[in-house]
Amino acid sequence: MPSATCPALLISAPASGQGKTTVTAALARLWTRRGARVRVFKCGPDFLDPHWHALASGQPVDNLDLWINGETDIRARLHEAAAHSDLILIEGVMGLFDGEPSAADLAVKLGLPVLAVIDAGAMAGTFGALVHGLRHYRPGLPWAGVLANRVASEGHEQMLRASVRADDLGVQPGGIDAGWLGGLRRDTGFALPERHLGLTSAAELPDAQQRLDALADALEYTPLGRLDAAGWQRWAVAFEAPPEQPVAPLLRGRTVAVARDAAFCFIYPANLDTLRALGAELVFFSPLADEPVPDCDALWLPGGYPELHADALQQGMRCRTSLAAHIAAGKPVWAECGGMMPLFDAITLADGARVPMWGLLPGEVAMQPRLAALGAQRWRTSRGELRGHSFHYSTLTTPLLPVAHTEPATGRGQPEAVYGLGALRASYFHAWFASNLEATEDLFTLG
């Protein structure tokens, strides 16, 4: 297959909390309103930022991680997007050089121009030093320019602009103008609300679309926002087609039920695509609405926020009864993180209240004031290595003995236990199904 060329930006920052998600969503909304076909991606494992980008662009949002996905998978997703899009936006993770691998690693490997978003709310001249450091710290880093966030006034913006060295605003090799792309003013109305796992899901806010439109309106007055389609061609990237890898229909003829609602919302679109590519028929249901498990061969309980909906889940007896019958029939269940938590006897919330849960597995879950685990993980299954990550604020106490453990990808951090009961498997581990199709098949065909 030939290469596909499309303008693309990787939006990064010196650290988390600088405004990457805000700027990425604003750009996506601005160009979608103009009639462009925009595809947004998110670096690293993340379920929440993609909700905003999907709302802004009207397109599904996939995650890109050089270790979890692998380079071949990333190249295939970007090539497909470039062939059908007018613009590709990739939001980085943490700071530009943070993580193993980092957003900078992805930018260098794929030739993605980097737009740096810097929170300038409490600085003036130091802004230029940050721009210089970000641009030159990593040799060979493609650079698009800088956008200041949370700017106080026109005078403040002028000081920020003046602080950037002239040689950091000039044309870089290849003829790409690496310039000052403007500033977004400080406005609490632009803030995207957060909670303990990150941003609040866009689906939970009735004014989410209005927030995105306000962001797009503000961005439209910056040099970046005033660029037309021809101006964006300075950031055109040729995405080479990876070798085709046929997918065997390992789940053909099997129906997989997927819990999907506000309590079970941590679902990678790519995981659904992988199950379909394996031949599975997917049906969805809402435990929060006390819907019973549909007629199916296997069940997936994905992560989410069961702790925010514990009272409603406790009362869902139709769902619990049907889930118990599914387990008793020896049908496979894959329950990950938040999807695992209601299976146990109770959840103790952050305020100390203990809420009885479904009692299908022995044990107690307790929310913690601090992050309990974060990082990429590998599960060495009998069918090979399945990759993914963990990210949770709760801990589990159970008499169940693990049937397996994951391993931290970097060698730092704690492994995650995988529990089993009959054909049920449950863990804090979030799996990236495309990393191992045979191991994914096993999750939905056990017993």
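Colleague: What is the lining of the second largest pocket like by class?
Modeller: This is a predicted model. In it, the lining of that pocket has 13 nonpolar, seven charged and five polar residues.
Colleague: And what volume does the second largest pocket have?
Modeller: About 810 Å³. Of the 25 residues lining the pocket, Asp 73, Ala 76, Arg 77, Gln 245 and Val 247 are the closest to its centre.
Colleague: Which elements give two or more residues to the lining?
Modeller: Strand S2 (38-43), helix H3 (71-83) and helix H10 (269-277). The largest share, six residues, comes from H3.
Colleague: Switching to packing. At what angle do H2 and H7 cross?
Modeller: Roughly 75°, with the axes of H2 (residues 49-57) and H7 (residues 208-219) coming within 10 Å. The two helices are therefore roughly perpendicular to each other.
Colleague: Which residues make the contact?
Modeller: H2 contributes Trp 52, Leu 55 and Ala 56, and H7 contributes Ala 208, Gln 209, Arg 211 and Leu 212. By class that is five nonpolar, one polar and one charged.
Colleague: Last one, Glu 157. Buried or exposed?
Modeller: Glu 157, which is in helix H6 (residues 154-163), counts as buried because its relative accessibility is 18%, and the cut-off for buried is under 20%.
Colleague: What does Glu 157 touch, leaving out residues up to four places away in sequence?
Modeller: Val 151, Trp 180, Gly 182, Gly 183 and Arg 185.

Key: Residues numbered from 1 in each chain as written. Predicted model: local features only at pLDDT ≥ 70, side-chain atom pairs only at ≥ 80, totals over all residues. Heavy atoms only, no water. Axes fitted to C-alpha atoms, helices over the stretch in contact; angles between N-to-C directions. Helix = DSSP H or I, 4+ residues; strand = E, 2+ residues; numbered from the N terminus. Parallel < 35°, antiparallel > 145°, perpendicular 65-115°, else oblique. Contact = heavy atoms within 4.5 Å. Nonpolar A, V, L, I, M, F, W, Y, C, P; charged D, E, K, R; others polar. 1 Å grid on protein atoms, 1.4 Å probe; cavity = no way out; pocket = protein on both sides within 12 Å on 5 of 7 lines; lining within 4 Å. Points joined across faces, edges and corners; volume = space filled by probe spheres on them. Buried < 20%, exposed > 50% of the residue type's maximum accessible area, 1.4 Å probe, protein only.
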